[in-house]
Amino acid sequence: MTATITPYRSAQQSGHDGFAQLLRAEWTKFRTMRGWIIAMLAAAAATALAPTALAGIAKSNDPEVCAHGLCQVESSTVATGPDGEAVSDSFYFVHQPLAGNGSLTVAVGSLRGTGLPPFVPRKFSPAPRTQPWAKAGILVKAGTRPGSPYAAIMVTASHGVRMQYDFTHDIAGPAGSVRAASPRWLRLTRAGDTLTGYSSADGRHWTRVGTVHLAGLPATAQAGLFVASPDYTVDTQSFGGGDQGAGGPTQATAVFGSVTRRGDWPAGAWTGGHVGPVGQPAKVSVTCNGSACGSAPPKPDRFRQSAGTFTVAGSGDIAPFEPIVDPLQVALYGTLFGVIAVIAVAAVYITGEYRRGMIRTTLAASPRRGRVIAAKAIVIGSVTFVAGLAGAAVAFVFAERKLTALGWAPPVWHDWSLTSQVGVRVVVGTAALMAVTALLALAAGVITRRSAGAVTAVIGLVIVPLVGAVVLPTAPAAWLLRYTPAAAFSLQTSTLRYPQVSTSCIPYHGCYPLTPWAGFAVMCAWVVLALGMAAYLLHRRDA
Amino acid sequence: MRHTLHAEWTKLRTAPGTAMLLAASIVLTAGASALAAAIVACPGSCTADTTRLSLTGVMLGQATVATLAVLAMSSEYSTGMIRVTLAAMPRRPALLAAKAAVLTGVVLVAGTIAVGASLLAGRVLEPGNGFTTANGFASLSLAHGPTLRAAAGSVLYLALVALLSLGAATALRDSAAAITVVLGLLYVFPILGDVVLNPVWQHRIERWTPMNAGLAIQATRNLGTLPVGPWAGLGVLAAWTAVALLAGGLLLRLRDA
């Protein structure tokens, strides 16, 4: 006779071991550690307060746009555009009134740099003879007041045909540059407040480049030919911190042929004149004072008309104005204190388990180790995001208010609201970059299993490159901001950068080589790599 | 005191991370210095201070030195060893002094190797980048007074960073908190010092924060334009270190372990 032994089974129903339970367990672990909660609150407070304090000491800049002893341009040379933004509006204009509808057609036979190029010290690469964004073409403008609405179709030296209007808008047309043998034909037609630009290679077959509507264009507008050649600027940073800049105004000359008017042109004769301020040596370098930089005085702009051919020399630029200094971004460097606190909390969130032996219980309760990392990542990522969002929102509002009060005000510096495109990007971006940094610290904690090692490694990856970016020369500094997780701090920039404006972008001035979200993607790539490595090691290693 | 020193030496010597962290600080310091010497060239950075350039890696190597110093104290707390230590050596200030002495000795040795290797790398690599005698740059040599001061000062700088970290770890008792505070103090202020939009505050930060002031000891050119003189700068760091050690010592004495 054989007795069957029934093994003991608990009468209690077995619990779920789904992901939700794991998430709840990890949240409980975080929530019940008073020190971590305090540290996270401290991180949020530092994120909120440090930028406000930094904004409070940002010296008022009036009347010159200067930083680090480097003056970009006198604010009197900055005009206010139709949308209230700061613009450069300086060019040579051969114009006459256009009453009502009409069109102008020209063939641009050549566009090249003339006059003395700006003096550039030997250590910099010399200024190109023709500026890549030198432009010549047809312009219809509300008047000759700088900053008034306009639309233009133009050839550029290196960027093909463009249709631009109201400073910030740029539509690309056919590529290629002009030569006397193959002139580029341009046409701009006006119908009410609608302007259409066309381009042609032969004057017979036309392609439409763009159609734009200009609000506020009076019935009688000024229309004609224009030439502009932007100031040449070059900046470098050298080893040990510090920057040098040089440059100055340039001039370009274009030859227009086959000028054909259609429509209502009451005057009949062309008037030439410079619109806006005539170029001054735009930059004073820190290493040479004023005229010692040697920028040649600009040659006067002018035009010559013989038969149907116009030769026009012009300087300046019609473009949005990009200030060198980004005071809001400088203030937001204060969030680094919050970032550092977050790194510590996120690292200890996992290394604390190793120190106390809790990891063995955790892995016994949830043997699928990858899910443990996932749950921890979700908890610490979300908590950090919320703390960072609250801190960054407060920092943004108060820092912006303080900067505006100190004179960093429109038109040169935007007064961004929290709900503006830049406001949302900076605040959400700061929170996201803090959350992702927390994930990097979590992964480092799993990999090193020691809090000191994890914290040092993550600070070395996220913060130290920012030190390198101000200490090293331009090329290695830009490399650091392109390939290390520090690239994500690009999210905190608030200067709008336009492709049709050539600015010299050096890390010392807070200019990042990558666009904000591209920089964030670089950091995310690091985090994915680190989390993958962490999951692999946690899986392979004995706890 | 001799026994205390011996005990501390044994603990530091046999701790698992010590050898690796010391090796890492040497490799990081010398490696980053060599990299900087290899990429910074004279057309573009001809005003560079070549001695300082060849010692760039100290900025990176100090992070592992700080880690080592923090762990020397905080690992006693995380493992509970501190109770045994204090039972065996009840004179707490003497214990901290012994730890500081042993740590200083170890860091001075590792720092000397790291700084020596960095200078050697600079001496070999810099002339290839245009820093030649023809361009007015003498070959790096310890016979040159300011270079010797920069090199010896960099070793002292690393030792002071170690002591600062030891003080912070003693005060905070937790490795994560201590290393975060130390590295935050060291690395965040140099960034702010370079970008802040106020010359007065820029000057203050460069003069009074530990890394900016302490690394002034590496300067050999244009000493007149420095925000703080070489030895005065190292003195500022020493003051930070003294405050950290005093705070740590006081808390160690007053607190229950």
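Me: What does pLDDT stand for in practice, and what does chain A average?

Reply: pLDDT is the predictor's confidence in each residue, from 0 to 100. This is a predicted model. Chain A averages a pLDDT of 87. In chain A, 92% of the residues score at least 70.

Me: Which elements of chain A have the lowest and the highest mean pLDDT?

Reply: Strand E2 of chain A, residues 70-74, has the lowest mean, 45. Helix H7 of chain A, residues 421-448, has the highest, 97.

Me: Where in chain A does pLDDT stay under 50?

Reply: One such stretch is residues 62-76 of chain A. The model still has 34 contacts for that stretch beyond four places in sequence. Residues 281-295 of chain A are also below 50. That stretch has 36 contacts in the model beyond near neighbours in sequence.

Me: How do I read two packed helices?

Reply: Two packed helices are described by two values: the angle between their axes and the distance between the axes. Take helix H4 (residues 335-356) and helix H8 (residues 451-462), both of chain A. They pack at an angle of about 145°. Their axes are 9 Å apart.

Me: Is the crossing of H4(A) and H8(A) left-handed or right-handed?

Reply: H4(A) passes H8(A) in a right-handed crossing.

Me: Which residues meet there?

Reply: From H4(A) come Val339(A), Ile340(A), Ile343(A), Ala344(A), Ala347(A), Val348(A) and Thr351(A). From H8(A) come Ser451(A), Ala454(A), Val455(A), Val458(A), Ile459(A) and Val462(A). The residues of this contact divide into 11 nonpolar, two polar and no charged.

Me: Now the strands. In which sense do E6(A) and E17(A) pair?

Reply: First, the general idea. In a regular strand the side chains alternate between the two faces of the sheet. Now the case here. Strand E6 (residues 102-114) and strand E17 (residues 251-263) of chain A pair in the antiparallel sense. One example is Gly113(A), whose bridge partner in E17(A) is Ala252(A).

Me: How many bridges join E17(A) to E20(A)?

Reply: Five bridges join E17(A) to strand E20 of chain A, residues 309-314. These two strands run antiparallel. Thr253(A) has Ala313(A) as its bridge partner in E20(A).

Me: How many residues of chain B are in contact with chain A?

Reply: 37 residues of chain B are in contact with 39 residues of chain A. On the chain B side, helices H3 (42-45), H4 (50-54), H5 (58-79) and H9 (175-195) each supply at least two residues. H9(B) gives the most, with 14 residues.

Me: What kinds of residue make up that side of chain B?

Reply: They divide into 24 nonpolar, 10 polar and three charged.

Definitions and conventions:
Residues numbered from 1 in each chain as written. Chains lettered and ligands numbered in written order. Predicted model: local features only at pLDDT ≥ 70, side-chain atom pairs only at ≥ 80, totals over all residues. Axes fitted to C-alpha atoms, helices over the stretch in contact; angles between N-to-C directions. Helix = DSSP H or I, 4+ residues; strand = E, 2+ residues; numbered from the N terminus. Left-handed = near helix turned anticlockwise from the far one by under 90°. Contact = placed C-beta atoms within 7 Å. Nonpolar A, V, L, I, M, F, W, Y, C, P; charged D, E, K, R; others polar. Pairing = 2+ DSSP bridges.
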